[in-house]
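Here is a short tour of a protein model for anyone who likes to check geometry by eye. Keep the viewer open and follow along.

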Amino acid sequence: MEDHSMTSEYIHTPHPGTGPRRLGTVIGGSHSSGVDVKVDGDSSIEDIRVGSHVTIRSTSTRFFGMITDVSLKSTDPSLASQTQHSSNQLFIEILAGTTAYGVFKVRPRLVLPNVLGGNSEMLSKVRSVPVHFSPVIEASEADYATVFGQEDGRHFWIGSPLDIETKICLDMNTFVQRSNGVFGKSGTGKSFLTRLLLAGIIQKTDAVSLIFDMHNDHGWQGRDRERGLRPKGLKQLFPSRVTIFTLDAQSSLRRGVQFESEIQIPYADIEPEDVELLASTLNITDNGVQAVYRLARHLGRQWLKKFLEFSNAKDLNSLAEEIHEAPSTLSALRRRLERLERMPYLTKDSLADPLGSILDFLQRGTHIVLEFGDHRSLADYILVSNLLTRRIREKYIQWTQRAATTNQSEPRPLVICIEEAHAFLDSSIGAETTFGAIAREDRKNNITLMVVDQRPSSLDPDVISQIGTRIIYPLDNDRDIASALSGAPDSGELRGVLAGLDAQQQALVFGYAVPTPIVVKVREYGSPDSYRQLVDSAMYSASSSYDEKGRDLLFP
Ligand SMILES: Nc1ncnc2c1ncn2[C@@H]1O[C@H](COP(=O)(O)OP(=O)(O)OP(=O)(O)O)[C@@H](O)[C@H]1O
Ligand SMILES: [Mg+2]
């Protein structure tokens with residue numbers, strides 16, 4: 001039974017001077033549009049920040065909600081014409097708070113449990129509104145902990161709310177159950193956050209991650225051009241949990257990276273789907289793409305190697321005739337595909353097996369960063385990421401199906417992290433790409449994506465709708481904002497919240513891994529303290545991931 005004595009005491013106990021401030025009083029509103037709150041006399045409208053959270057103490061319920069708008073109101077329509085008094089302090093003082101006052105809008109989203117120390121499982125959805133004149137109070141540290149959980153074996157600290165210094169956590173187990181998205185314009189903090197999220201996955205879950213690290217940011221030292229620092233990569237923080245593969249051993253050696261091995265990809269692994277994804281990057285026409293499918297049917301697995309061996313016009317013409325293609329299409333295609341010959345990690349040796357050891361490491365629970373070294377054009381990135389992911393996916397589907405029919409265990413959940421995600425998930429590329437299929441349906445095959453992108457409007461809307469948790473930094477373009485927020489609860493209001501974020505290190509988080517949308521100031525990454533906190537927080541980890549070796553390396 002509910003403990004009513006504790007309930008009423010908890011609801012009505014006023015906060016002492018240092019506790020959360022009372023900000024205002026409910027004066028109206030509705031369930032559909034949110035609650036209107038008049039700013040109390042001793043608070044200033046300037047202190048009310050869109051995106052921060054409050055609690056509303058109604059008669060028997062405590063609501064938790066976000067401030068979504070702030071406005072100035074007056075009861076006297078003639079006020080606007082009395083601006084000649086604007087320098088008269090007495091006039092201002094008489095009107096302030098009565099005739100002229102501030103109002104903010106709160107969107108209550110959760111009902112807090114009526115017991116001290118409640119947890120997020122005891123939260124319920126809002127189905128009513130608070131009564132008139134309910135006090136509205138800043139959310140306290142305890143309120144945030146109730147809603148978002150405290151740092152523990154599942155919960156990873158990602159940042160703090162805008163107004164108080166307390167930890168906001170993500171439930172990482174829930175986070176990895178679906179695909180996720182990190183969006184924001186250039187320079188907002190996506191890569192820094194991605195590294196933090198990956199550290200959270202490493203520490204708090206049984207999932208493994210495979211990171212296609214186009215900019216050599218995540219494995220060893222990253223870049224922080226603005227502060228002139230070299231932030232540590234995941235291998236440096238968690239040496240026994242992370243392995244680096246490289247496409248470019250020379251570049252990795254030059255940068256002093258401790259990598260496992262260099263990856264070589266046989267030509268025979270390149271399939272028409274890979275070329276289709278590369279079409280716009282390599283300037284291949286639709287006819288050219290069709291020709292690739294025909295060539296593969298005609299020449300078999302080694303189609304690319306064989307096709308590139310057709311060096312003179314006569315042979316090319318007779319090939320064109322055999323597969324009913326225009327000779328001009330084939331010769332244009334051949335010229336475009338010559339670019340692949342200059343990719344040094346592609347090898348004619350069909351015995352190379354880039355996949356074997358990657359899968360071995362993943363199944364043993366080791367996270368993999370594949371760095372691209374100096375081969376980091378979009379064409380390199382698309383080709384390698386798509387090709388490896390396709391083959392890993394095939395294996396995962398096999399393993400998952402096998403687990404369903406035998407008593408073998410399912411493969412370890414895998415999170416694949418891609419940047420510039422629109423290159424793989426563009427709505428014009430067509431629905432059936434490997435990454436599209438993973439985003440849409442592969443939760444059941446134990447694979448999810450972490451999609452990092454500057455231009456969410458280029459992503460297939462179907463894919464966006466499958467993204468479980470979204471973390472959104474500021475975006476400039478209206479279409480990007482609309483796509484990033486599509487399907488969000490009250491996206492109109494969240495748009496206003498997003499517009500109020502600082503240009504860097506502040507993001508809106510909503511979706512599956514948080515009980516309610518929240519704006520966070522993302523936790524700092526890059527100082528010795530930040531590394532210490534990250535590695536130490538592994539001690540809370542449920543699994544055996546506390547990395548002694550990592551600690552020794554960082555703090556000898
Ligand atoms: N959590 C953080 N801790 C410390 N610094 C940060 C953090 N987030 C962002 N920054 C600062 O902002 C800069 C830009 O961040 P980052 O490189 O992550 O941007 P980005 O969104 O990945 O940009 P791009 O799209 O150009 O790759 C960093 O170099 C760093 O100075
Ligand atoms: Mg980046």
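The report below goes through sheets, helices, loops and cysteines in turn.

This is a predicted model, in which local features need pLDDT of at least 70, side-chain atom pairs count only at pLDDT 80 or more, and totals for chains, interfaces and linings use all residues. Residues are numbered from 1 along each chain as its sequence is written, chains are lettered from A and ligands numbered from 1 in the order in which they are written, and side-chain values use heavy atoms, with hydrogens and water left out.

Let us begin with an open sheet of twelve strands, whose pairing is mixed and whose order reads 9-8-21-20-19-10-18-17-11-16-12-13. Helices (H or I, at least four residues) and strands (E, at least two) are DSSP runs, numbered from the N terminus. Two strands pair if DSSP finds at least two bridges between them. As background, strands of a sheet pair through backbone hydrogen bonds, either parallel or antiparallel.

The edges are formed by strand 9 (168-171) and strand 13 (261-262), each of which pairs on one side only. Strand 9 is joined to strand 8 (residues 155-160) by four bridges, and these two strands run antiparallel. Within that pair, W157 stands opposite C169 of strand 9.

Helix 14 (residues 378-405) touches strand 11 (208-213), strand 16 (367-371), strand 17 (414-418) and strand 18 (447-453), and its direction makes about 160 degrees with that of strand 11. Helix 16 (residues 434-441) touches strand 17 and strand 18, with a direction at about 115 degrees to that of strand 18. Contact here means heavy atoms within 4.5 Å. Axes are lines fitted to C-alpha atoms, for helices over the stretch in contact, and angles run from 0 to 180 degrees between N-to-C directions.

Strand 10 (residues 180-183) runs parallel to strand 19 and is joined to it by four bridges, with G181 opposite R470. Strand 20 also pairs with strand 19 over four bridges, but in the antiparallel sense; there, V509 in strand 20 is the bridge partner of I471. Which way do the side chains of strand 19 point? T469 and I471 point one way, R470 and I472 point the other way, and all are buried. Buried means under 20% relative accessible area, exposed over 50%, and partly exposed in between (1.4 Å probe, protein chains only).

## Around strand 1

Strand 7 (residues 135-138) has antiparallel links to strand 1 and to strand 3. Three bridges join strand 1 to strand 7, and T25 stands opposite P135. Three bridges also pair strand 3 (residues 53-57) with strand 7, where V54 stands opposite E138.

G29 sits in strand 1 (residues 22-30). Leaving aside residues up to four places away in sequence, G29 touches G34, V35 and D36. G29 and V129 are 100 residues apart in sequence, yet their C-alpha atoms are 8.0 Å apart in space.

## A helix pair

How do helix 11 (residues 313-322) and helix 12 (residues 327-341) pack? They meet at an angle of about 120 degrees, with their axes 9 Å apart. That angle makes helix 11 oblique to helix 12: angles under 35 degrees count as roughly parallel, over 145 as roughly antiparallel, 65 to 115 as roughly perpendicular and the rest as oblique. L316, N317, L319 and A320 in helix 11 meet P327, L330, S331 and R334 in helix 12.

N283 lies in the loop between helix 8 (272-282) and helix 9 (286-299). Its phi is near 65 degrees, a positive value in a residue other than glycine. Q505, in the loop between helix 19 (491-499) and strand 20 (506-511), likewise has a positive phi near 65 degrees and is not glycine.

By the rule that a disulfide is a pair of cysteine sulfur atoms within 2.5 Å, the count comes to zero disulfides. The table gives the accessibility of selected residues.

| Residue | Relative accessible area | Class |
|---|---|---|
| C169 | 2% | buried |
| C417 | 0% | buried |
| Q505 | 29% | partly exposed |
| G29 | 45% | partly exposed |
| N283 | 54% | exposed |
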